[in-house]
Amino acid sequence: MKKQLLLGTLCLLFATFYVGNLFGYDTTKKDFLDKNVSISFQNTEIQDALAKIEKIAEIRFIYSPKAIHAERKVSFEAQNQKLSEVLTQFLTPLGVGYKLQGNQIILSNQTKILDIQSIELLYAPIKGKITSATGEALPGVTIAIKGTSKGTTSDSEGNFSIDAEKGQVLILSFIGYKSKEITVGDETNLSISLEDATTQLNEFVVVGSRATKPRTDVERPAPVDVLTSKELQNTGQVDLGQMLQFTSPSFNSSKNGINGVANYADPATLRGMSPDQVLVLIDGKRRHQFSALNLNITIGKGTVVTDMNSIPSLATDRLEILRDGAAAQYGSDAIAGIINVGLNKSVGKGTFKTQYGVTSKGDGASYLAAANYGIKLGKEKSYLNMTLHYQYADGTDRSDPFNGNIYSANAAAEATARTTRGVYPTTGEFRVSQYGSNQTEAYQTFVNVGYPINDKWSLYGFGGFSQKNIKAFGFFRNAIPTNANSNVDIFPDGYSPILPGKTIDYSGVVGIKRQIANEWNIDFSTGYGYNSLDLNANNTSNPSMGASSPKDFYVGKSAFGQSTTELNLSKNFDGFLNTKTFNFALGSQFRIDQFILGQGDRNSWFVGDLARTRGKAPGSSGRPGIAPDDETNVTRTNIGIYADVESDITNKLLVAAALRYENYSDFGSNLSGKLATRFKLTESFSIRGSINRGFRAPSLQQIYNSVTTSAVQAGEIRQTKQLRSDEPRLSQIGIGSPKAETSWNYNVGITANVNEKLLVTLDAYQIDIADRIIVSEPLIVNNIAALRPLFPGIQEISFFTNQISTRTQGIDLVTTYKHEFNQNNGFTASLALTLNKTEINKIDPTPAQLQEGTARAIALIDTISISLIETSQPRNKVLLSLGYQWKKLNITVRTTYFGEVTAWEKPANLPHRKQAFEGKTLTDIVLNYNISKKFMLTLGANNVFDVYPDKVFTTYASYFNGQTPYTRNANQFGFNGAFYYANLTFNF
């Protein structure tokens with residue numbers, strides 16, 4: 001508590017120090033010529049020396065380099081002297097005089113003072129308007145003076161103004177358009193047109209750095225993928241997660257069926273790691289996580305995901321994927337990397353998009369209608385951008401014909417019952433459940449707003465709302481009377497539970513910031529994000545209640561809220577310590593997390609009489625309800641402080657470093673650090689590398705979740721009690737509360753940009769994670785002597801613990817080639833691949849207190865859970881994309897190779913066994929035709945050759961009598977087959 005109080009006080013003092021600047025007060029009342037300064041430089045050109053004085057004394061010189069012979073080299077030193085004395089001592093021997101003009105100092109030779117008109121001509125502001133090739137105004141274009149830190153951006157109508165000297169070069173850059181360089185001449189009012197980026201290789205990167213100097217990926221010390229909105233939309237996918245799946249080699253996410261919480265939020269990973277080891281940002285601000293914990297046998301078992309699909313795709317301008325650890329810069333979770341969603345800020349234009357698609361099997365029909373529009377709020381550089389999104393996708397079914405028994409384990413009795421009941425055929429094929437993508441209906445909106453208060457300060461905010469109604473399914477419950485999950489009184493022919501879920505997601509961030517070249521940039525913001533999942537179980541029963549059981553249940557609710565307040569400061573000290581650039585950033589963040597579990601209706605968790613008399617399972621079958629004892633409402637706080645430095649030591653050498661301290665109210669503190677560098681061998685080739693120590697705090701869900709769930713294992717449906725980590729009985733068997741995972745991340749790479757046509761980045765990495773958090777295997781109470789007296793009446797228990805350490809190694813290659821034959825014809829090609837593997841290199845021994853009295857070794861992690869970490873995601877993924885534009889027609893052919901995956905199972909009374917599923921290649925074809933400047937028609941086919949994963953062996957228990965012919969225990973690329981679609985885009 002004392003640490004938190006101290007850190008909170010520091011943050012308060014930190015903010016108070018700058019409150020005067022917040023409202024424009026001048027904190028330096030003395031005349032700036034009376035300010036004491038210390039200056040030292042050796043053999044330095046006059047113009048560089050003057051630039052250094054400008055930085056130190058916070059003044060501005062106006063002069064003609066030719067008139068004062070600024071190319072001369074001088075040496076000078078002054079310690080703690082008044083600026084007026086320093087200027088006299090420095091300039092007089094050089095034959096240079098000075099005089100004041102407002103808050104500027106005008107220099108001249110001592111025989112001729114420049115007249116004010118000459119100065120105005122020399123430094124007249126350059127004004128202009130920037131448009132697209134079609135004449136559309138471009139807001140937010142970055143205009144920088146080459147070789148300096150000076151810059152500005154265009155306003156909502158494309159206009160800009162910047163002070164630049166004749167002969168200086170302006171660099172114009174904007175996402176989706178080719179960069180442009182313009183040399184300042186006699187013309188002071190410019191009309192500039194930017195071409196569409198059909199041949200643009202580089203994109204300026206925001207994530208991973210707080211420096212103000214714009215850099216492309218090849219200039220960064222760590223690898224970053226930049227995916228524009230146009231590239232994402234061109235995939236034909238409707239979910240943001242699936243758009244990333246087919247554009248980023250290091251990203252992996254697939255749809256799930258009959259798989260618990262994964263039905264409602266797709267697990268998404270980077271570099272083959274865990275879903276909770278990647279941090280998601282929205283315009284640089286932390287995004288809240290999903291509320292429910294995934295406890296099923298699938299990717300991300302025991303983790304909480306961030307639901308990428310709650311963000312409408314038209315609200316995005318681009319996505320940046322930082323493939324490097326960044327906990328020292330952004331805090332917990334950023335072990336594998338960061339996904340930053342850049343929001344759309346366009347004004348004066350809008351987009352309406354509608355799409356319809358269907359699978360080759362005729363199911364999975366999906367419809368999308370989305371609109372985006374932006375307006376200006378009366379002031380230059382203001383914007384209000386709004387997005388509406390509606391999506392409906394019907395479910396798919398890829399189950400095989402059922403080959404199990406419905407009424408009896410005896411073949412003769414089974415045949416007789418089928419004939420008598422007349423529901424299922426005695427011969428021929430039939431299906432009893434549905435296995436595929438879930439039916440989904442989504443309503444989403446997002447708003448992004450910015451408003452300048454004056455030329456220094458601006459207000460901003462963004463937020464959105466998402467509601468998704470998802471219809472999932474459970475496994476078939478047969479009508480054999482002795483089966484624990486059958487209820488022949490209500491379902492005499494068996495039943496398949498239907499498991500609807502409604503997920504609500506909303507968030508909002510408001511802030512104020514100041515951005516001024518060569519001064520302190522300030523960004524203060526506060527935000528709140530919330531997610532909830534309401535679950536029902538329909539067409540099912542509570543078998544322990546028999547005939548009195550209802551068929552529909554409310555299972556309960558999980559909710560997660562996160563409040564984040566942060567202050568970020570940065571300043572560029574050009575020339576500091578004789579460096580080319582020196583950006584220093586520091587800040588603090590305060591966070592409050594809340595996790596809630598709300599109970600379901602009484603019948604969903606009630607233990608009926610038949611549980612004791614006939615061994616019937618209690619609770620709603622398929623999804624037992626949250627019982628009163630499992631209800632939870634907990635909060636924790638976290639405060640973090642960081643410092644960040646990035647400097648161009650020379651024109652070739654870039655160095656960056658960061659340090660971050662965080663303290664959590666429930667488990668303690670952590671210190672993270674990062675060091676990164678990039679060295680330009682030539683203007684086209686660079687080498688880069690980084691090392692960082694990161695961490696991931698255990699989520700509130702991992703610490704405080706307590707739910708009785710059903711899980712299918714080796715063909716049997718079991719109930720498991722997942723215990724809260726503060727359960728006092730756990731300490732009696734040697735299990736402590738989870739602590740933070742810690743990581744060491746190493747990255748080394750090379751980059752090349754050949755003649756602005758070919759871009760290549762190659763990065764190798766290693767990520768070592770210690771004390772990785774897992775959920776234990778279900779431990780059968782009656783089989784373990786230490787558990788029997790502690791957990792009477794409970795069949796199985798599981799809990800979270802820091803049990804293993806892992807090592808991930810891999811290589812990422814990204815190559816892009818773009819060539820424009822003429823204004824109407826262009827060719828693009830890209831090849832991206834990832835090769836990686838994750839292995840468990842340490843398993844901690846089972847605590848002696850738990851093992852005591854049991855002869856058989858007790859394993860807290862077993863083959864299936866090990867394979868979920870090591871082999872359930874493709875170790876190889878390759879994306880090849882070819883595109884050709886011919887006048888109004890654009891053709892894209894994209895192939896994606898997903899490498900082999902392996903899944904294990906533990907059949908009853910048999911040794912553990914595995915199955916490997918071969919790597920497969922999917923091919924997509926997209927045709928875009930620009931009917932006019934406003935209308936574009938797209939026809940596409942995803943997985944055009946109708947490729948499916950290998951099927952599970954029919955003799956394996958995980959085949960489940962044909963209900964799940966494609967494995968649930970690995971995640972390759974989904975199993976819906978070909979998908980054909982058409983969409984129409986209207987730009988207005």
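A nonpolar surface patch brings together Leu880, Leu882, Ile891, Val893, Ile925, Leu927, Tyr929, Ile931, Phe935, Leu937, Leu939 and Leu984, with about 890 Å² of accessible area together. Patch members have over 30% relative accessible area and no salt bridge, and nonpolar side chains are joined within 5 Å. Areas come from the Shrake-Rupley method with a 1.4 Å probe. The model is predicted: local features need pLDDT of at least 70, side-chain atom pairs count only at pLDDT 80 or more, and totals for chains, interfaces and linings use all residues. Residues are numbered from 1 along each chain, and side-chain values use heavy atoms, without hydrogens or water.

- Two or more patch residues come from each of β43 (876-886), β44 (889-898), β47 (920-930) and β48 (935-942); strands are DSSP E runs of at least two residues.
- Leu939 is in β48.
- Leu939 has 45% relative accessibility, so it is partly exposed (buried is under 20%, exposed over 50%, partly exposed in between).

**Aromatic pairs**
- The whole structure holds 29 aromatic pairs (ring centres within 6.5 Å; stacked under 30 degrees, edge-to-face over 60, the rest tilted).
- Tyr664 and Phe695 are edge-to-face, because their centres are 6.3 Å apart and their planes at 75°.
- Tyr664 is in β32 and Phe695 in β34, so this pair ties together parts 31 residues apart in sequence.
- Both Tyr664 and Phe695 are buried.
- Tyr966 and Phe975 are stacked, at 5.3 Å centre to centre and 15° between planes.
- Tyr966 is buried at 8% relative accessibility, and Phe975 is buried at 9%.

**Sheet**
- Four strands form an open antiparallel sheet, ordered β8-β7-β10-β11 (pairing takes at least two DSSP bridges).
- β8 and β11 are the edges, each with a single partner strand, so one side of each lacks a neighbour in the sheet.

Terms used: Patch = residues over 30% accessible without salt bridge, like charges linked within 9 Å, V, L, I, M, F, W, Y side chains within 5 Å. Salt bridge = Lys/Arg side-chain N within 4 Å of Asp/Glu carboxyl O. Buried < 20%, exposed > 50% of the residue type's maximum accessible area, 1.4 Å probe, protein only. Phe/Tyr/Trp six-rings, centres within 6.5 Å; stacked < 30°, edge-to-face > 60°.
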